[in-house]
Amino acid sequence: MNLPVDPESVKGFLDPAEGARLYELAAGTAPLGPCLEVGSYCGKSTLYLGSACREAGQQVFAVDHHRGSEEHQVGEAYHDESLYDARAGRMDTFGEFRRNLDLAGLTDTVVPIVAGTRQAGRHWRTPLGMVFIDGGHSEEAALTDYRTWAPHILPGGVLAIHDIFPDPADGGQAPYHIYQLALASGLFEPLEMVRTLGALQRLEG
Ligand code: MG
């Protein structure tokens, strides 16, 4: 694994073992088609995906409205005051995200899409080698991300989902629910899980 900057210098909630797994999955699927992630935040996962794709001459589409998920808002558990735009009265992670892309030299590899899944997905037609879902963790947000992006994954491609907690005592269930939906669809087979990072491979046909 060849990373241009230390991933621990980037704000975010991704374990290094999960990051290494993302890198491995992105490298493996890059020959098929581009990678798309939902929920870039400050770009920690983008650093892993982008580095793997740059090496393979592939691109990453990084979808995020950059207004923070539910848990990032003022008063919530994962709020970071330094990412709050007082003038707009909202979170704004895009500046930090772009700064990290610049530092990592990934601006030619990563295409930021500053929009939510509904807007970004509405006219999407490009088949994808990999989709990484790490957006909002409400049932509605996770379901929208799954329904919007999973149909674009090419046979042999990978759907990766972060924050999978099979035991409700460990965390929210929405990511686990869409993981189960993907399995139940019969269109995917499970790959090895690394910590809370689930991955499934799109079957042929
Ligand atoms: Mg996450």
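Arg-195 is placed in the loop between strand S8 (188–190) and S9, strands being DSSP runs of E of at least two residues and helices runs of H or I of at least four, numbered from the N terminus. The model is predicted, with local features needing pLDDT of at least 70 and side-chain atom pairs counting only at pLDDT 80 or more, while totals for chains, interfaces and linings use all residues. Residues are numbered from 1 along each chain as its sequence is written, and side-chain values use heavy atoms, with hydrogens and water left out.

Phi of Arg-195 is near 55 degrees, a positive value in a residue other than glycine. Arg-195 is exposed, with a relative accessible area of 59% (exposed is over 50%, buried under 20%, partly exposed in between; 1.4 Å probe, protein chains only). Tyr-41, in the loop between strand S1 (35–38) and H2, also has phi near 55 degrees, but counts as buried at 9% relative accessibility.

The buried residues of helix H1, among them Leu-22, Tyr-23 and Leu-25, pack against helix H2 (44–55) and strands S6 (128–133), S7 (153–161) and S9 (198–202), contact meaning heavy atoms within 4.5 Å.

Helices H5 (residues 139–149) and H6 (residues 174–184) pack at an angle of about 35 degrees, with axes 8 Å apart; axes are lines fitted to C-alpha atoms over the stretch in contact, and angles run from 0 to 180 degrees between N-to-C directions. Glu-139, Ala-142, Leu-143 and Tyr-146 of H5 meet Ala-174, His-177, Ile-178, Leu-181 and Ala-182 of H6 in this contact.
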